[in-house]
Amino acid sequence: MKTTSKTTDESVQFVTNKTTKSPDIFPGLQRRNFLKTAGMIGGSALFAHFARASSSEVQKGLTIESDTSEGGRGEKTKELFQSLDFRKVSVGGEIGRRIGITVNNNLLQLDVDNDFLLPFQQKKHEGKGYSDYVGLGKLIDAAVRFAAYTKNGKVIALKKHIIGELIKTQEPDGYIGIMVKESRMWGLWDLHEMGYIIMGLSGDYHHFHEKDSLKAAQMLADYMIQRWSTMPANWQKFGAIGLDSNILALYQETNEKRYLNFCIEQCALADWKPTTTKGSNPTLNGHVYSDLDLCSAQLELYRHQPEERLLSSGRRAIDFMCNEDGLMITGAAGLWEEWSDDQEGRGFVGETCATAYQIQIFDHFVRMSGSARYGDILERIIYNTLFAVQSPDGRRLHYFTPLEGKRNYFEKDTYCCPNNFRRIVSKLPAFIYYRSAKGVAVNLYTPSETSITLNDELSLKIRQETEYPGNGTVLIHLDPSKPAKFPLQLRIPKWCEKASVNINGETYNEPIVSGKFLSLERVWNPGDQVILDMAMPFRMVLGRKRQSGRAAVMRGPILFCLNPAQNDQLLKMDAADISSYMIDPNSLKLISGDSTLHPNGVACSVDANERTFSLGTREKSLKLTEFPDPEGKVVYFRIPDFSVAVQDEILFGKNPG
């Protein structure tokens, strides 16, 4: 039984919302009331439509193939870059610190028995409200990856405990969940919960070869597939986000065609197109997380059947974000969890689930296209929106991350966003290096090292030394197993107008183009060194739409914000009042080694006046901190001369580069 809705428009549209009658069940207003009740920051909508649209459009495909590294069967996919095994990439710097505090101060501090496992043991939920969701499958997926990456005995023990106790709750028919019998499958969130459990258990088999986990995942998947024909007519109103990608993860481990066929034939995954709206609407149609998850699932399906139409939805989503004001300056997307292009910065902005899937989508497109511009956005999202989700000590998490006004921590460890945050942090090591057809590409700059097999006769150890993004100097050590010719590709960010490269003490004199990967192809010897130096001046980035008439302070990938607590004169002022201050861009001064948020952070000082600058007067000197500052309330300010400001470089225009 397919869940398809037909459309005659072959293009993917993000259309202005039309007024529609709200259905009696799960209206958007009820959703928003739940968010307010749940500490003002509720979970992902999760019930965005599983709409499937038919399409006969076929375009020319990509042409370069490489083996995938995440799949269990080594499927072929058409990519320019290939992901590395994240377990072999050790990471330091702020990325490494965030991984560490997520493991030690968050994951290992959870009350997994009472908050996560108990509902599965009791099975008392009826699937009638937004709180009937735990997110245990997402937690398992994160715990498995963290256990595989850190090899920490406590993390491994936690992973084993969670999975072992969960499998004990599986019923003879295969069901694992929290619902009473009458609400299973079609009760709100049940399919969503079960789907991610399948993914988490599949991951446990992939990384730890736990056969009991794979058996439980297959029993649960078969339970769902066998009951698919009982779908009620109004099922599309219920939550099943992730089901396609979850079942594809199981297929990767088993190679059993019934799982692939379920996604293609029953879920009509290949035919889906986003038919979203821009702005608030009663049914949350146009839910960012839902759409990006399905885009991601289509990209995974592309590994198995490389049809061009499977790329079109992801391309359209990126086009909306990068060309139609769908991305905010932090890299976040969405208002009230829905697509928005008005650049609203206050309130329910940048849902964490959406942030996690944005990162996955941009990673996909860096690898498929080889475009550095996607890497720029990936970096922007990680250092600003993603890290702003988490408190500096790692324990608390935000559900939304607004640009302006108060940011509230979510009151629970369960639900979708906290667990999707843990999942995406566990994946960060995989975004640093990629293997190209003949060499290696460096996508993110951070202290790190890894070993890469380039071919049957050649391996490479690569290591970065850097304080990036505190400064733009990166020292790269190369140790091939023997002298060999291959390309080293370095992402030159679009914001970097001046970069230089030094190889073993000699200046590289060829042109270096910002917004591109620089390819250094030569014979490399053990002990070779490359120094990449990227100029990092401050830049004033113009606000768009609701932020028009103001500009934000950036340096490299980092956005700066104003924390009133760092400026006593402003402590009692509202964010809207503070943003009316005029700052002098010429007075910006870097504060290196700032420890407000983390060791070796950066901040800056800037002169400001409440009304305007006249006769050279300076009313205040403000300290601006990195955007992840949890008390940050303002990012946009008035400036006296807009000729010094620039458009945001993450906007692609006609060509993503």
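**Exercise 1. Gly439**

Decide whether Gly439 is buried or exposed in this predicted model, and find which residues Gly439 touches beyond its neighbours within four places in sequence.

*Solution.* 
Step 1: Take the accessibility. Gly439 has a relative accessibility of 0%. Buried means under 20%, so Gly439 counts as buried.
Step 2: Gly439 sits in the loop between strand 7 (433-435) and strand 8 (440-442).
Step 3: List the contacts. With neighbours within four places in sequence set aside, Gly439 is in contact with Tyr434, Leu454, Phe486 and Pro487.
Step 4: From C-alpha to C-alpha, Gly439 and Leu520 are 9.9 Å apart, while 81 residues separate them in sequence.

**Exercise 2. The chain as a whole**

Work out how many helices and strands the chain has, and what percentage of its residues is buried.

*Solution.* 
Step 1: Count the elements. The chain holds 15 helices and 25 strands.
Step 2: Look at burial. Of the 657 residues in the chain, 62% are buried.
Step 3: Turn to the contacts. Among contacts in the chain with a separation of 6 or more, 72% are between residues 24 or more positions apart.

**Exercise 3. Helix 4 against helix 6**

Describe how helix 4 and helix 6 cross, and sort the residues of their contact into nonpolar, polar and charged.

*Solution.* 
Step 1: Recall what to report. Two packed helices are described by the angle between their axes and the distance between the axes.
Step 2: Read the geometry. The axes of helix 4 (residues 136-150) and helix 6 (residues 190-208) come within 6 Å, crossing at roughly 15 degrees. Angles under 35 degrees count as roughly parallel, so helix 4 is roughly parallel to helix 6.
Step 3: Helix 4 and helix 6 make a left-handed crossing.
Step 4: Name the partners. Helix 4 contributes Leu136, Gly137, Lys138, Ile140, Asp141, Val144, Ala147 and Ala148. From helix 6 come His192, Glu193, Tyr196, Ile197, Met199, Gly200, Leu201, Gly203, Asp204, His207 and Phe208.
Step 5: Sort them. The contact of helix 4 with helix 6 has 10 nonpolar, five polar and four charged residues.

**Exercise 4. Helix 6 against helix 8**

Repeat the analysis for helix 6 and helix 8.

*Solution.* 
Step 1: Read the geometry. The axes of helix 6 and helix 8 (residues 243-254) come within 8 Å and cross at roughly 25 degrees. That angle makes helix 6 roughly parallel to helix 8.
Step 2: The crossing of helix 6 and helix 8 is left-handed.
Step 3: Name the partners. Leu191, Gly195, Tyr196, Ile198, Met199, Ser202, Tyr205 and His206 of helix 6 meet Leu243, Ser245, Asn246, Ile247, Ala249, Leu250 and Glu253 of helix 8.

**Exercise 5. Two aromatic pairs**

Classify the ring pairs Phe81 with Phe517 and Tyr399 with Phe410, and find where in the chain their members lie.

*Solution.* 
Step 1: Start from the total. The chain has 20 aromatic pairs.
Step 2: Take Phe81 and Phe517. Their centres are 5.2 Å apart, with 70 degrees between the planes, and the pair is edge-to-face.
Step 3: Locate them. Phe81 is in the loop between strand 3 (76-78) and strand 4 (82-83), and Phe517 is in strand 15 (residues 516-524), so the pair links distant parts of the chain, 436 residues apart. Both Phe81 and Phe517 are buried.
Step 4: Take Tyr399 and Phe410. Their ring centres lie 4.5 Å apart and their planes meet at 75 degrees; planes over 60 degrees apart count as edge-to-face, so this pair is edge-to-face.
Step 5: Locate these two. Tyr399 and Phe410 both lie in the loop between helix 13 (372-388) and helix 14 (416-427), so the pair ties together parts 11 residues apart in sequence.
Step 6: Check burial. Tyr399 is buried at 0% relative accessibility, and Phe410 is buried with a relative accessible area of 8%.
Step 7: Widen the view. Tyr399 and Phe410 belong to one aromatic cluster with Tyr133, Trp336, Phe348, Phe400 and Tyr415.

**Exercise 6. Backbone details**

*Solution.* 
Step 1: The peptide bond from Tyr468 to Pro469 is cis, with omega near 5 degrees.
Step 2: Although not a glycine, Asn255 has a positive phi of about 60 degrees. With a relative accessible area of 34%, Asn255 is partly exposed.
Step 3: Ala268 is not a glycine either, yet has a positive phi of about 50 degrees. Ala268 counts as buried, at 1% relative accessibility.

Conventions:
Residues are numbered from 1 along each chain as its sequence is written. This is a predicted model: local features need pLDDT of at least 70, side-chain atom pairs count only at pLDDT 80 or more; totals for chains, interfaces and linings use all residues. Side-chain values use heavy atoms; hydrogens and water are left out. Axes are lines fitted to C-alpha atoms, for helices over the stretch in contact, and angles run from 0 to 180 degrees between N-to-C directions. Helices (H or I, at least four residues) and strands (E, at least two) are DSSP runs, numbered from the N terminus. Angles under 35 degrees count as roughly parallel, over 145 as roughly antiparallel, 65 to 115 as roughly perpendicular and the rest as oblique. A crossing is left-handed if the near helix is turned anticlockwise from the far one by less than a right angle, and right-handed if clockwise. Contact means heavy atoms within 4.5 Å. Ala, Val, Leu, Ile, Met, Phe, Trp, Tyr, Cys and Pro count as nonpolar, Asp, Glu, Lys and Arg as charged, and the others, Gly among them, as polar. Rings of Phe, Tyr and Trp (its six-membered ring) pair if their centres lie within 6.5 Å; planes under 30 degrees apart count as stacked, over 60 as edge-to-face and the rest as tilted. Buried means under 20% relative accessible area, exposed over 50%, partly exposed in between (1.4 Å probe, protein chains only).
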